[in-house]
Amino acid sequence: MPFGNTHNNFKLNFKVEDEIPDLSKHNNHMAKVLTKEIYGKLRDKQTPSGYTLDDVIQTGVDNPGHPFIMTVGCVAGDEESYDIFKDLLDPIISDRHGGYKPTDKHPTDMNFENLKGGDDLDPNYVLSSRVRTGRSIKGYTLPPHNSRGERRAIEKLSVEALTSLDGEFKGRYYPLKSMTDAEQDQLINDHFLFDKPVSPLLTCAGMARDWPDGRGIWHNDAKSFLVWVNEEDHLRVIAMEQGGNMREVFRRFCVGLKRIEEIFKGHNHGFMWNEHLGYVLTCPSNLGTGLRGGVHVKLPNLSKHAKFDEILGRLRLQKRGTGGVDTASVGGVFDISNADRLGSSEVAQVQLVVDGVKLMVEMEKKLEKGEAIDSMIPAQK
Amino acid sequence: MATQFTRMLAGRNTAVVLASLGAGTLATGYLLTDSTAAAERRMLYPPSADFPDLRKHNNCMAASLTPAIYAHLRDKSTPNNWTLNQSIQTGVDNPGHPFIKTVGMVAGDEETYEVFSEIFDPVIKDRHNGYDPRTMKHPTDLDSSKITSGVFDERYVLSSRVRTGRSIRGLSLPPACSRAERREVERVAVMALSGLKGDLAGRYYSLGDMNEREQQQLIDEHFLFDKPVSPLLMSAGMARDWPDARGIWHNNQKNFLIWINEEDHTRIISMEKGGNMKRVFERFCRGLKQVEQLIHERGWEFMWNERLGYILTCPSNLGTGLRAGVHVRLPNLSKDPRFSKILENLRLQKRGTGGVDKAATGDTFDISNNDRLGKSEVELVQLVVDGVNYLIDCEKRLERGQDIKIPTPLAQFRR
């Protein structure tokens with residue numbers, strides 16, 4: 001709760017054995033890491049805003065997971081969560097982010113000029129290109145924990161920052177609660193509109209509270225730069241367009257974000273960032289760059305190849321259906337994006353997407369002609 | 001002081017004493033150590049910044065909550081540290097339907113109804129047809145021998161059922177309880193139930209440990225309850241940690257059944273096929289009395305007071321928490337345009353045979369009492385008995401081609 005959580009102290013009247021969650025049937029990162037010792041050590045701690053261990057893990061307790069899909073199973077309520085509960089979160093971060101150590105430093109590189117190529121992906125195969133990330137605004141608690149007053153303040157500040165943008169970024173804000181039907185239909189057709197979360201992973205973490213209060217969508221007039229306010233993170237920033245010019249998408253992404261950041265800094269509410277974790281977001285899976293750069297690409301032949309998943313793994317890419325996470329592919333079209341978030345920079349991650357997709361399109365063309373692709377299979381990146 | 005306070009499995013006397021003292025002394029110590037960060041945030045975000053936007057809402061909470069009440073209550077908490085924001089979250093998240101007025105708030109513990117009475121009293125009055133908790137007293141009467149004409153014509157009544165809920169004093173309610181508290185509720189209830197004998201002897205099935213065969217059996221018997229999916233319950237936090245410490249107990253004869261840690265600490269159900277409502281209610285009262293006796297032996301008791309009767313999670317279930325009903329075939333009456341008015345005057349409600357929020361199939365309806373608070377258990381069951389007999393009489397008349405009459409409306413509360 002937003003103004004201190006003394007309910008947590010009340011629970012301390014019960015022994016650790018009585019309070020610890022039963023995770024015997026669970027398959028998520030939190031369940032793998034949480035021990036009686038860690039629970040006992042952290043249960044009486046709180047962040048300055050009153051977020052507690054039980055708050056962090058509730059979503060993972062309520063959602064045991066799937067035998068094949070490993071979710072994270074915990075969230076942060078504020079910037080300090082990652083510090084106060086590091087005994088739990090550091091091992092989870094390490095598991096989720098390929099062995100990232102508590103002493104590691106995360107490199108940030110938002111200089112789009114450092115990207116090589118990326119403007120020549122074959123539009124006969126690459127249907128669209130998109131880069132998204134999240135940003136949290138310093139001085140406010142995160143979506144699982146914030147009060148209505150905070151959420152509205154975040155919205156107000158964000159709208160002020162966004163509506164002051166000009167040039168290619170000139171645009172408009174659509175608050176969810178006062179959207180007209182016509183506006184709503186348009187935003188759905190543009191594939192911009194986000195809906196009230198139904199995933200229990202999010203609702204059990206309290207992120208859908210007070211919906212749609214304080215939530216909205218901003219986009220530029222050209223419909224190529226888009227910001228979600230107060231969905232799973234304070235801000236989700238998205239640059240996208242039809243076709244294969246990932247370089248241009250990344251440029252717009254970096255330039256737009258930089259402008260927005262300057263405005264927030266001017267209000268003494270910069271983005272949450274530190275040397276170790278990079279950009280701080282609600283879900284530990286999005287730490288670091290929080291960046292998912294991807295394309296919708298036609299790979300009907302390659303996707304049926306026995307080594308498809310292995311190729312993806314070596315290229316450090318992941319596949320999703322064209323509806324996004326947890327959807328299936330339609331007509332051989334896949335959403336291909338970077339798998340990493342923490343430990344490599346924005347430029348490096350987009351570079352992997354650009355190089356990897358280029359290679360896979362070449363492979364697809366070969367398979368179309370009935371040729372083998374074994375010599376093209378890359379080494380592990 | 002806090003570290004010396006441990007709850008023993010068997011002895012509950014300490015906790016009961018503390019609960020009746022309000023346990024405020026214990027909690028105050030904690031509140032004093034509440035960080036200055038919390039105080040700062042309170043200043044930065046006054047109640048007006050936090051007041052929910054309820055303009056599109058249709059529930060009892062939204063109808064009664066004003067910015068002034070919110071400002072008074074926002075920074076208060078019960079001795080278990082439950083707050084107003086937590087109580088109303090379900091009503092904020094679920095605006096409701098223009099035709100269906102839900103309550104829109106829940107209690108986290110017994111003290112909720114006192115600490116936040118400024119909002120709960122008007123909501124209770126709204127929901128319970130004018131019952132004023134500030135001035136009125138709720139009558140409790142579980143003497144089933146008083147019921148008359150309680151056996152229905154089985155050509156019409158297919159089954160009879162009485163349910164209520166009970167909360168265990170000293171433990172937080174489902175929206176607020178920690179895992180340890182919920183497990184304690186389970187322990188207390190299961191221990192008490194294991195002491196039942198004769199026709200009430202039975203066994204417990206923990207939801208988490210159930211095997212497939214047991215699960216299918218319980219589904220076939222219409223006993224099994226599932227993880228809540230209704231957003232009304234989810235937004236109130238009642239599905240947390242599912243299925244930890246949830247379970248079903250039933251007697252060997254399968255006509256007395258207890259749900260543990262679903263929407264309330266316990267839900268008690270007596271049911272059987274056919275029309276012998278009197279026997280169903282007799283078993284209900286006897287079972288309840290025995291369970292109460294068994295928990296008393298270990299120093300526990302049910303949450304109850306003179307003002308509000310039995311204390312349950314949802315204000316709509318205060319008082320008796322009792323829903324007595326039948327599944328009854330009314331093929332002719334249900335098509336008569338006067339059906340709704342007849343039900344209204346008899347203070348009965350209809351539901352589909354799947355329970356609340358389900359449509360009726362064919363011409364079989366679930367008919368039960370509307371009221372929960374302000375009338376005793378005996379009064380409500382008698383009301384259902386008389387009402388259902390009246391409905392069956394109407395049905396028979398319509399079968400014979402005779403006309404029926406809308407009865408005069410029943411009185412609300414005893415003066």
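1. Asp199(B) is partly exposed, with a relative accessible area of 26%. In this predicted model, the side chain of Asp199(B) meets that of Arg286(B) in a salt bridge, 2.9 Å from N to O. The pair links distant parts of the chain, 87 residues apart. Asp199(B) sits in the loop between helix H10 (179-193) and strand S2 (202-206) of chain B, and Arg286(B) in helix H13 (residues 277-296) of chain B. Arg286(B) also counts as partly exposed, at 27% relative accessibility.

2. A second salt bridge in chain B joins Asp403(B) and Arg338(B), at 3.2 Å from N to O. Asp403(B) lies in the segment after helix H15 (377-399) of chain B, and Arg338(B) in the loop between strand S8 (323-329) and helix H14 (339-345) of chain B, so the pair ties together parts 65 residues apart in sequence. Asp403(B) is exposed, with a relative accessible area of 52%. Arg338(B) is partly exposed at 27%.

3. Lys341(B) is partly exposed at 39%, and Glu344(B) is partly exposed at 48%. Over all chains, the whole structure holds 61 salt bridges.

4. Now the interface. Chain A and chain B bury about 3,600 Å² between them, 46% of it on carbon and sulfur atoms. The contact takes 42 residues from chain A and 46 residues from chain B. There are 22 residue pairs in polar contact across it. On the side of chain A that touches chain B, helices H1 (7-11), H2 (16-19), H5 (53-62) and H8 (148-163) of chain A are the elements giving two or more residues. By class, that side has 15 nonpolar, 11 polar and 16 charged residues.

5. Two salt bridges are counted between chain A and chain B. One pairs Arg179(B) with Asp54(A), at 2.8 Å from N to O. A network of salt bridges links Lys11(A), Asp54(A), Arg179(B), Arg182(B) and Asp241(B).

6. Look next at helix H12 (residues 308-315) of chain A. Its buried residues are Phe308(A), Ile311(A), Leu312(A) and Leu315(A). They lie on the same side of H12(A), because they cover an arc of only 100° around the axis. Their cover includes strand S9 (317-320), strand S10 (333-338) and helix H13 (346-368) of chain A. Just after H12(A), Arg316(A) takes a positive phi of about 60°.

Notes
Residues numbered from 1 in each chain as written. Chains lettered and ligands numbered in written order. Predicted model: local features only at pLDDT ≥ 70, side-chain atom pairs only at ≥ 80, totals over all residues. Heavy atoms only, no water. Buried < 20%, exposed > 50% of the residue type's maximum accessible area, 1.4 Å probe, protein only. Helix = DSSP H or I, 4+ residues; strand = E, 2+ residues; numbered from the N terminus. Arc of directions from axis to C-beta. Contact = heavy atoms within 4.5 Å. Buried area = accessible area lost by both parts, 1.4 Å probe. Salt bridge = Lys/Arg side-chain N within 4 Å of Asp/Glu carboxyl O. Polar contact = N/O pair within 3.5 Å; in protein donor to acceptor, adjacent residues only side chain to side chain. Nonpolar A, V, L, I, M, F, W, Y, C, P; charged D, E, K, R; others polar.
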